[in-house]
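Please look over the structure below. This report covers charged side-chain pairs and strand pairing.

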Amino acid sequence: MSERFAIVVDGTACLTPELEREFDIRVLPLHVDIGAETYTAGIDLTADEFYAKIAAPGVLTGTSTPSLGECREVYDAIVREGTKQLLVLVIATELSTTYSVAKTTAQQIPDARIEVIDTRSLAGGISLIATACARLRRRGGSFEEAVALAQKLSGKIPIYAVADTLEYLKRSGRSHRIPIGTDAQRPA
């Protein structure tokens, strides 16, 4: 059996707590700004609370990247447990600076091998890559095989979203990121 390795995802991944436990997947924190308040998703803000808070008209929302210190805390906790290989799967670089923070932090930990992968995806795409790598690990696959699998799947998982309104994208300032050619941008 190969040496154990950890799988870490960023907080945008759509993993339930049950899947995180079942596959032993660690999570970098995701900070959510709602109005003047900042929360950490999954810690002091549930999905239900998030949707309730943003329902009010005019509430501005946003997210922020985990800090170098927060990434370091996650990585150090894993290394203290005796795991020296970490596969870190993060949101597409066009959508967040998480890759840069995760990679910079990884370079500060000399006693571990940390591979940070830009999944070229978000949310469910990250979750699919993470669970595929976790299944490989469960079958006895090596760290190198998991890294290769993550690299192979990155950018290959199509994500489709249907929204009844673009209001929340507009409020977050992300409406300009809707790809050309979507129904939302076709002239009426």
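The sections below take the salt bridges, then the strands.

## Salt bridges overall

This is a predicted model. Searching the whole structure gives ten salt bridges. Side chains of opposite charge can pair when their charged atoms come close.

## A pair within a helix

Arg21 and Glu18 form a salt bridge through their side chains, with an N to O distance of 3.9 Å. The cut-off is 4 Å, so this pair counts. Both residues belong to helix α1, residues 17-23. They lie three residues apart, which means a separation of about one helical turn.

Is Arg21 buried or exposed? Arg21 is exposed, and its relative accessible area is 58%.

## A pair between loops

Glu94 and Arg120 also meet in a salt bridge, at 2.5 Å from N to O. This pair links distant parts of the chain, 26 residues apart. Glu94 sits in the loop between β6 (85-90) and α4 (98-106). Arg120 sits in the loop between β7 (113-118) and α5 (124-138).

Glu94 is partly exposed, at 49% relative accessibility. Arg120 is partly exposed as well, at 39%. Both values fall in between the cut-offs of 20% for buried and 50% for exposed.

Arg113 and Glu115 make another salt bridge. Their closest N and O atoms are 3.5 Å apart.

Elsewhere, salt bridges with shared partners build one network. Which residues does this network join? They are Arg4, Asp24, Arg26 and Glu81.

## Strand β3 and its partners

Strand β3 (residues 31-34) runs antiparallel to strand β4 (residues 37-40). Four bridges join the two. Within this pairing, Val32 has Tyr39 of β4 as its bridge partner.

β3 and β4 form a hairpin with two residues between the strands. In that hairpin, Gly35 takes a positive phi near 60 degrees.

β3 also pairs with strand β5 (residues 61-64). This pairing is antiparallel and spans four bridges. Which residue of β5 is the bridge partner of Val32? The partner is Thr63.

Methods. Residues are numbered from 1 along each chain as its sequence is written. This is a predicted model: local features need pLDDT of at least 70, side-chain atom pairs count only at pLDDT 80 or more; totals for chains, interfaces and linings use all residues. Side-chain values use heavy atoms; hydrogens and water are left out. Buried means under 20% relative accessible area, exposed over 50%, partly exposed in between (1.4 Å probe, protein chains only). Two strands pair if DSSP finds at least two bridges between them.
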